[in-house]
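Open the model in your viewer and keep the sequence panel beside it. The stops below go from one selection to the next.

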Amino acid sequence: MKQRLAPRMPLASLKTFEDKPDAKASDSTEELKEAASISVPVQDPTQEAQAGAVAEISIKLIDKSPHQPRLIFDPEAIDALAASIRESGLISPITVRRTEQGRYELIGGERRMRAHQILGKESIQAFVMPDMSATDAALGALADNEAKRSLCDYERGKAYKRALGMATETGKAITQGMLARRIGVSDATVSRCLAFFDLPEEAIAMLDAKPDLIGAKNAAILVTLAKKGHGRIVLQALRRISQDGASEQGAVNWATSEVNRIAKVRRDPVALRIDGNHVADLHTDGPKIIISCKSGFGPEELVEKLTSLLK
C-alpha cells in the first residue's frame with residue numbers, strides 16, 4: 001500500500017481574518033460574530049485531547065514549533081488580532097500535534113496563540129493531529145504559512161532549506177519536487193527562494209536580521225553579480241537598503257551599473273617576468289586577475305614557477 005506522505009491537517013480552515021487584522025476587509029463585524037458563533041466540540045483543558053478532534057487545550061501545555069518559518073512577528077498586527085478575537089472570538093482553532101508527557105507542539109496558528117496570551121486567556125481551541133511525525137509537522141507549519149501567503153521570500157527560502165535537510169518516515173530524503181508538491185507551490189518558487197543562500201555569508205546575516213530586506217527576484221540578480229566575483233558590491237547594495245533607506249530596486253540597479261562600469265574600465269596588462277623572462281601578462285577584471293601565458297610558457301610551468309617563488 002502506498003504510504004500517504006501529506007499531513008492530514010485542515011489547512012484551508014486556517015485562512016482566517018488573522019490575515020486581515022485591521023478588520024476593515026470584506027467581512028463586517030456582524031459576519032465575524034456569526035462565524036464566531038459556530039459551535040465546535042470542546043472539552044475540559046485539564047483533560048487529554050482526543051487525536052483528530054477539536055479541543056480546548058491549556059496554553060501552558062503547548063510548545064512553540066521548532067520549525068516555525070516566520071522569523072519576525074509584527075507586534076501591531078498581533079495586537080490588532082487580539083482586539084478582533086476579543087470582539088468576535090476565535091474563528092479558526094490552531095493546529096497542534098501531541099508529543100511526550102501530555103504536551104503538544106504547535107503546527108499552525110502561533111499568531112492566534114500569541115493573541116490569546118495578550119488577552120490573558122489560559123486555554124485555546126486546537127485541532128489535535130493524530131500520529132504526526134516531526135517531518136510532517138515541519139511541512140505542516142510551512143504549508144500553513146504558504147496557505148496565507150504571509151511569509152517573505154527569505155523566510156520561505158530558509159524554511160525550504162531546512163525541510164530539504166529532513167527525511168520522511170521511511171528514511172527517504174525530501175527532494176525539491178516532493179517539497180513543492182507537499183506545500184502546494186511550484187518547483188520554480190522553491191528554486192527561486194533557495195537562491196538566497198548563494199549570496200555571501202555577510203549578506204545572509206543581514207537577511208537573518210531583516211528577512212524582508214529584499215525579494216527573491218532582485219536577490220537573484222545580486223546572486224549573479226556575487227558569482228562573478230562582485231560580492232563587495234552586493235554587500236554595498238544591501239547596506240544601501242538597510243542603512244541608507246534606498247529602495248530595493250534602486251540599490252539593485254546601482255549594483256548592476258557599478259559592475260558594468262568596472263567591466264568597461266580598460267587597464268594595460270602588467271608584464272610578469274621571472275628570471276628576466278617575460279612569461280605572462282596580468283589583466284584585471286573587477287576583483288579578478290587574469291593571467292595570459294606568453295609563447296613558450298605553458299600554464300603548468302607557470303604555476304610551478306609561481307608556487308616556487310611564493311615558497
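**Stop 1**

Select Phe197, which counts as partly exposed at 22% relative accessibility; the cut-off for buried is under 20%. The model is a predicted one.

The structure holds two aromatic pairs. In one of them, Tyr154 with Phe196, the ring centres are 5.5 Å apart and the planes stand at 80°, so the pair is edge-to-face. Tyr154 belongs to helix α5, residues 153-164, whereas Phe196 is in the loop between α7 (187-194) and α8 (201-209), so this pair ties together parts 42 residues apart in sequence. Both Tyr154 and Phe196 are buried, with Tyr154 at a relative accessible area of 0%.

Now look at Tyr154 with Phe197. This aromatic pair is tilted, with 5.7 Å from centre to centre and 35° between the planes. Phe197 lies in the loop between α7 and α8 and Tyr154 in helix α5, so the pair ties together parts that are 43 residues apart in sequence.

**Stop 2: charges over rings**

Next, clear the selection and pick Arg240 and Trp254. Here the charged end of Arg240 sits over the ring of Trp254, at 4.0 Å from the centre.

**Stop 3: the crossing of α6 and α7**

Two packed helices are described by the angle between their axes and the distance between those axes. Select helix α6, residues 176-183, together with α7; their axes come within 8 Å and cross at roughly 115°. That makes α6 roughly perpendicular to α7. The crossing of α6 and α7 is right-handed.

Show side chains to see which residues meet. On the α6 side these are Gln176, Gly177, Leu179 and Ala180; on the α7 side they are Asp187, Val190, Ser191 and Leu194.

**Stop 4: Asp212**

Finally, select Asp212, in the loop between α8 and α9 (216-227). Is Asp212 buried or exposed? At 53% relative accessibility, Asp212 counts as exposed, the cut-off being over 50%.

Asp212 and Glu155 are 8.1 Å apart in space, C-alpha to C-alpha, and 57 residues apart in sequence.

Definitions and conventions
Residues numbered from 1 in each chain as written. Predicted model: local features only at pLDDT ≥ 70, side-chain atom pairs only at ≥ 80, totals over all residues. Heavy atoms only, no water. Phe/Tyr/Trp six-rings, centres within 6.5 Å; stacked < 30°, edge-to-face > 60°. Helix = DSSP H or I, 4+ residues; strand = E, 2+ residues; numbered from the N terminus. Buried < 20%, exposed > 50% of the residue type's maximum accessible area, 1.4 Å probe, protein only. Lys NZ or Arg CZ within 6 Å of the ring centre and 35° of its normal. Axes fitted to C-alpha atoms, helices over the stretch in contact; angles between N-to-C directions. Parallel < 35°, antiparallel > 145°, perpendicular 65-115°, else oblique. Left-handed = near helix turned anticlockwise from the far one by under 90°. Contact = heavy atoms within 4.5 Å.
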